[in-house]
Amino acid sequence: MLKNQIKSSWRQAPSSLHQTFLSPKHPRLNHNSQLCPPRLRFHSYPIRATSAITLQPEQSSSTQKSQGSGIEFLSCPVCYEPLIRKGPTGLNLEAIYRSGFKCKKCDKSYSSRDIYLDLTVTAGLKQYVEVNPARTELFRSPLVSFLYERGWRQNFSRSGFPGPDEEFKMAQDYFKSAEGGVLVDVSCGSGLFSRKFAKSGTYSAVVALDFSENMLRQCYDFLKRDATLLATNLALVRADVSRLPFASGSVDAVHAGAALHCWPSPSNAVAEIARVLRSGGVFVGTTFLQYTPSTPWYIRPFRERIAQSYSYLTEEEIQDLCASCGLTNYSSKVQQSFIMFSAQKP
């Protein structure tokens with residue numbers, strides 16, 4: 001068990017808030033009847049990348065296999081050099097908590113004294129304060145972190161999200177080729193899917209990654225209720241999705257559930273995901289579509305106004321973005337305003 005377990009710093013929100021506090025993360029985009037939900041539309045588009053980012057040489061297969069039990073793929077977010085680790089080996093919560101990390105190139109240290117390992121560029125700064133977009137700060141709130149799995153995420157069904165269990169099964173189908181490898185759940189929130197991936201036993205290690213400290217604390221609060229999860233190779237890491245602290249070509253799978261529309265720059269984030277994926281690695285994401293081909297023309301301007309606060313994209317834009325970042329074998333499943341898409345590193 002972890003030493004000095006973190007005590008909750010906020011009071012539980014009133015139960016009435018669970019029903020009334022609706023998310024700006026998912027406006028009511030659905031224009032279809034809830035009585036007759038449309039069937040999933042399956043699309044598969046083998047595509048060629050129009051441009052590719054420059055990647056560092058891929059690691060050997062022997063190095064990749066060792067990452068489930070070691071820490072070799074964790075890197076400095078400033079210079080991407082591997083971190084020097086002092087402490088027990090392993091990627092589980094206790095091993096991370098008892099370890100210290102330092103970049104051998106820029107000599108910067110990273111704290112693991114909290115329940116998560118902070119691998120942001122701003123980690124440890126005392127004077128500098130960075131102003132983040134309002135949507136980023138929203139999800140750093142203790143209240144929002146508490147409510148996320150207590151009413152907030154359930155409202156996604158109004159826009160066509162099939163629900164966590166079904167979404168997990170769909171993602172697992174896409175991740176077949178990544179079984180036994182390292183999976184990173186970026187923008188994991190309170191760890192809804194991180195826990196499912198870890199508990200499945202499908203992967204050698206799972207990294208629950210988010211920029212919000214309170215989301216990671218809430219994730220730990222759920223984890224400590226299940227002793228089996230505490231013993232798995234599951235690590236909590238604070239990091240920026242546009243500056244991922246992993247070596248190039250070191251990750252087998254990346255999942256981003258209901259996240260892309262919240263990223264300040266989806267293009268920077270997808271480029272980073274492409275950088276850290278190994279050859280053959282898979283990226284799976286879900287998000288809210290700005291509109292679909294079936295959306296009436298008179299509704300589209302309202303969707304575009306809503307999208308000014310969040311990066312709601314069309315299906316064509318998502319496919320184009322994946323291609324521009326060098327990802328291929330794009331495919332998607334759409335229901336109302338919900339989309340799950342997948343792309344692969346060549």
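The legends below describe several close-up views of one predicted model.

Residues are numbered from 1 along each chain as its sequence is written, and side-chain values use heavy atoms, with hydrogens and water left out. Because the model is predicted, local features need pLDDT of at least 70 and side-chain atom pairs count only at pLDDT 80 or more, whereas totals for chains, interfaces and linings use all residues.

**View 1**
Helices (H or I, at least four residues) and strands (E, at least two) are DSSP runs, numbered from the N terminus, and two strands pair if DSSP finds at least two bridges between them. Strand 8, residues 234-238, is mostly covered, with 5 of its 5 residues buried, where buried means under 20% relative accessible area, exposed means over 50%, and partly exposed lies in between (1.4 Å probe, protein chains only). Leu 234, Leu 236 and Arg 238 point one way from strand 8, while Ala 235 and Val 237 point the other way. Strand 7 (residues 205-210) runs parallel to strand 8 and is joined to it by 5 bridges, with Asp 210 standing opposite Arg 238. Strand 5 (residues 117-118) also pairs with strand 8 in the parallel sense, over 2 bridges, and here Leu 117 stands opposite Val 237.

**View 2**
Strand 3 (residues 100-103) meets strand 4 over 2 bridges in the antiparallel sense, and Phe 101 has Tyr 110 of strand 4 as its bridge partner. Strands of a sheet pair through backbone hydrogen bonds, either parallel or antiparallel.

**View 1. Helix 5 and its start.**
At the start of the helix, a side-chain oxygen of Ser 141 comes to within 3.2 Å of the backbone nitrogen of Leu 143.

**View 2. Ser 212, in the loop between strand 7 and helix 8 (213-223).**
Ser 212 counts as buried because its relative accessibility is 1%. Its side chain reaches the backbone oxygen of Phe 139 at 2.6 Å and the backbone nitrogen of Met 215 at 3.0 Å. Leaving aside residues up to four places away in sequence, Ser 212 touches Phe 139, Arg 140 and Ser 145, where contact means heavy atoms within 4.5 Å.

**View 3. Thr 120, in the loop between strand 5 and helix 4.**
Thr 120 has a relative accessibility of 2% and therefore counts as buried. The side chain of Thr 120 makes a polar contact with the side chain of Asp 118 at 2.8 Å; such a contact is a pair of N or O atoms within 3.5 Å, and within protein one must be able to donate a hydrogen and the other to accept it, while residues adjacent in sequence count only if both atoms are side-chain atoms. Not counting residues up to four places away in sequence, the residues that Thr 120 touches include Tyr 110, Phe 211 and Arg 238.

A nonpolar core is a set of buried Ala, Val, Leu, Ile, Met, Phe, Trp, Tyr and Cys residues joined through side-chain atoms within 4.5 Å. The largest core has 50 residues, of which Val 186, Leu 209, Phe 246, Trp 263 and Phe 283 touch the most other members. Helix 10 (residues 266-276) gives the most to this core, with 6 residues. A second, separate core of 42 residues includes Ile 115, Phe 175, Leu 223 and Leu 236. Pro 245 lies in the loop between strand 8 and strand 9 (251-256) and is buried, with a relative accessible area of 0%. Pro 245 and Val 121 are 124 residues apart in sequence, yet their C-alpha atoms are 9.4 Å apart in space. Beyond the residues up to four places away in sequence, Pro 245 touches several others, including Phe 73, Leu 119 and Leu 209.
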